[in-house]
Amino acid sequence: MRTVATRVRDRARATPHRVAMREKHLGLWREIEWQSYWDSSLTVAHALLSLGIEPGDRVAVHAENRPEWLYTDIATVSIRATTVGLYPTNPASEVGYLLSHSGSRLLVAEDQEQVDKALAVLESCPELEWIVYLEPRGIRSRYHHKKLMSWQELLQRGAEHRAAHPGAVDERIAAAAQEDIATLVYTSGTTGPPKGAMLTNSNVDFAIEASLGGGSYGITPGGKDLILSYLPLCHVAERLLTTWYNAGAGVQVNFAESISTVQPNLREVQPTILFGVPRIWEKVLATVTIGVQNATMFKRLNGRLWLGLADRIGHRLAATGGRHTARTRLAYAIGWVCYYRALRERIGMRWVRHALSGAAPIAPEVLRFFMGIGIAMHEVYGMTENTAIATANRPRKVRLGTVGVRLDGAEVRVDADTGEIQTRHAAVFAGYFRDPEATARAFTADGWLRTGDVGEFSVDGYLRITDRVKDILITAGGKNVAPSEIENGLKASPYLKEAVVLGDRKPYLVALIGIEADTVADWAQRRGLAFTTYRDLTEKPEVVELVQDIIRQANTHQATVAQIKKFRLLPKELDENDGELTATQKVKRAAVATRFADLVNQMYGGAR
Amino acid sequence: MNRPLMHHRYSSDMALLNTRAKKVAMLALLAVAALLALLLTDDYLQLLATGAATAIGIIGLNLATGYAGQVSLGHAFFLAIGAYTAAAISGDPHGRTIGLGITSILVWLPAAGLVAAAVGALVAPLAVRLRGLYLAIVTLGLVFVGGYVFGEWRELTGGSGIGRPAAVPELFGVRLDRSTALFTRDQQLYWLMLTLLVLFALAARNVARSRVGRAFNAIRDRDIAAGIMGINLARYKTIAFALSSFYAGCAGGLLFCITGYLTPDNFNLALSVVAIAMVLVGGAGTISGAVLGAFFFTLLSPLTKALPSLVPAVTDDATRTPNIFQLETVAYGALIVVFLVFEPRGLYGLWVRLRSYWKAWPFSY
């Protein structure tokens, strides 16, 4: 029986001294070899056994991406227990909900901050027996809770158990079954509380095979590929790219220091395969735009020249699906020498051979920019419930604005009546944990997974996603409008970070706009516009004018019903702790609409 | 696929030549410098050898002034101590002036440095008590004291206006100041000076990035703050002066090998001032800057000497005006003013500016 744990074990036996992962420690990228990876995982597994973790028990991890996350995950799977990931940004209440709902018996918490969250909600989690902390700073010799244990103690326990019962973990590995729940992935929950999707060993195995084969994403990752692991590991996409790609293909994982150091870490690591959520790509695009604008005159003119050319190359590539023509190849070769090589080095994408965007819809303009500067950019589609396996754009067959074609072995259909996309394959999840009702709702009568997304297939099999089913707006005039398309068009501007289009059962569409603080502040500075806070910045007439221009521009691409008539700038940056964003930084539309109801009412007030 | 920013060891993070481009460029530079001896005529080689020897002294001054912030106008004094120590050790025992007859450079060069360093360490207590302008004035005093002592001590120096033969460079029994069958005198001296310059520069660079160098920087930026940080001011200022004097002593010993003769009049205030000018124009607080500054000023004089043939109004006759010697002095002054106002980091600063322009490509930062 092949699990992600046996994959790691076999890799450690086959290539014990290859680099499995790197973590930055005091300025150095410390390498961890496969042998050491498996050895640490095995010790942790023994420790879990010694603590009485039984098959099917849940082990939670509340940490940033780091080797211990993987050790715990592999150890947990190897003893047939279930890993539960918590977002590092989850507030204490959320932590309490996730720990009690999952019934985790052991929690691996990163540091004092996460331990504090767990201790605060301990009463609501009766099943939680141990809290293992990784960073002793602030905890050691100050906290004396009987459930607390340091990582060192855990390893110590594991080593003792390993000496006493050397074959214990192997027995568990041998007994592993297809339908063992390898992990619970809690969905971010834009509406209602998070739901724990149960992914089995066979789900994970299928997902690894489907995403690694040359026939699916169109590349074959291998031991020479590097990735940067920076998105939360509890998200299915990062887990696929980090843990599963690593175990499945030997891809070297490099852990970013934190989400805020992604850009410098990218420059250091220069990964070959790069997955990003739209927010990351938009941010890089904004960095380039600002970098060019703030450059000295010669560099600015030079930047405009080559980015202009890149734009034309991007358009050409978008038309050919990513295949170079002789002309674009020549143009790019010249640009490579003068500009693109240095630019890609600066943004950490010099060696990227396959870039993936997923987890949320992205504006085609953003993708086209990256294609223009020579990065093979592919939008992919999947969700937690189907282990991120559905469709993907493949190299040289890219179609912008679509999420590509079915992956090998994956069945995807669009329901004729509702237009909902549905999938059926071996990686479709086993159901929501402790929630049979939601599980029942997630499947159609004939056993297909409802994705909750509306879309359509083109004649030649490219899937285009319109929006989430529940986000589709129906205006007072009875027209269906997909807000996310409009929003993504707006977010392609470097000055806009968030856009929430509203207008259900209203005569016209309005938008709540969140500006990108960095770029707008920079813009204001160059105009000599004085401002104090974010809020002050949003209230400047010039800034409103700037946004007005962007919206006017975007409106020209839209049909009359889909044009934004009025907008307001959000007076604050949306935040997870205020319940406006999910842990994956997706906007909770309903929460935002309620919170800023006065702004929305203002916009509809004049035209009652 | 190279990833220059991904360091696995501190040694790669700290390496002086941390990229392949730098390694190649440095090797090429050294190769060209070595081959120049075969390409240039002897008078140019003599000039370059002088530049290299001067550079050693300027590196020393830069350690005290540029790195540790201790402005010293007494550098000429330390050069003199080194020059006379070297000359006395290697001098003819039966000659007019003091001489021990030990001509091996392996003996007199370290000795010249150590004697100067010892005197530097004696002077250092002044620097511990004084700073800024006061220190500059006090070190200025050294030049006058030295001028008097060397002028009167005829057994050692031969006396003002008369002088004595300089140190004799002999390495493993070979007199480098005499042409051999294979190479001319100037080729040999040039190679000697070049090798020593590389060694001294490398040593200084390593001192500068060590604990000592960081202490120097802290003292330069604010000695009170440095003291509060736990840096022993007396100790590090003494090290700065001793080290700087060591370099000056060595440079003094070497510098006069090339001409073969020295008089006490060589070591006047103007020499100290030119040394400071070299540091400032080259780039205070950098080793490369010190080397640049030394060569820049050394190579300036053949330029001004070529001036009379280009501009008829200028003569090379010191009794008429305007002559090249006056122009040279004016040029020194003007250069100091221009650099301090427009590029305080000196020639090296120009290089840094150029390099960071391309390093930041395609952005500005």
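Me: In what order do the four strands of the open sheet in chain A run, and how are they paired?
Reply: In this predicted model, the order is 17-18-19-20 in chain A, and the pairing is antiparallel. Strands are DSSP runs of E of at least two residues and helices are runs of H or I of at least four, numbered from the N terminus; two strands pair if DSSP finds at least two bridges between them.

Me: Which strands stand at the edges?
Reply: Strand 17 (411-414) and strand 20 (463-468) of chain A do; each has a single partner strand, so one side of each is left without a neighbour in the sheet. On average, neighbouring strands of this sheet are turned by 45 degrees against each other, direction ignored. Axes here are lines fitted to C-alpha atoms, for helices over the stretch in contact, and angles run from 0 to 180 degrees between N-to-C directions.

Me: How many bridges join strand 18 to strand 19 of chain A?
Reply: Three bridges join strand 18 (residues 420-424) to strand 19 (residues 449-457) of chain A, and the two run antiparallel. A:Q422 has A:R450 in strand 19 as its bridge partner.

Me: What about numbering and confidence limits?
Reply: Residues are numbered from 1 along each chain as its sequence is written, while chains are lettered from A and ligands numbered from 1 in the order in which they are written. As the model is predicted, local features need pLDDT of at least 70 and side-chain atom pairs count only at pLDDT 80 or more, whereas totals for chains, interfaces and linings use all residues.

Me: Turning to chain B, at what angle do helix 12 and helix 15 pack?
Reply: Helix 12 (residues 269-282) and helix 15 (residues 346-359) of chain B pack at about 10 degrees, with their axes 3 Å apart. That makes the two helices of chain B roughly parallel, a term for angles under 35 degrees.

Me: Which residues meet there?
Reply: B:L280, B:V281 and B:G282 of helix 12 meet B:G346, B:L347 and B:Y348 of helix 15; contact requires C-beta atoms, placed from the backbone, within 7 Å.

Me: Which residues of helix 15 of chain B are buried?
Reply: B:G346, B:L347 and B:Y348 are buried, that is, 20 or more other C-beta atoms lie within 10 Å of their own. Their cover includes helix 12, helix 13 (287-310) and helix 14 (324-342) of chain B.

Me: And how many residues does each chain bring to the contact between A and B?
Reply: Chain A brings 20 residues and chain B 13 residues. Helix 13 of chain A gives the most to its side, with four residues.

Definitions and conventions. Angles under 35 degrees count as roughly parallel, over 145 as roughly antiparallel, 65 to 115 as roughly perpendicular and the rest as oblique. Two residues are in contact if their C-beta atoms, placed from the backbone, lie within 7 Å. A residue is buried if 20 or more other C-beta atoms lie within 10 Å of its own, exposed if 12 or fewer, and partly exposed in between; C-beta atoms are placed from the backbone.
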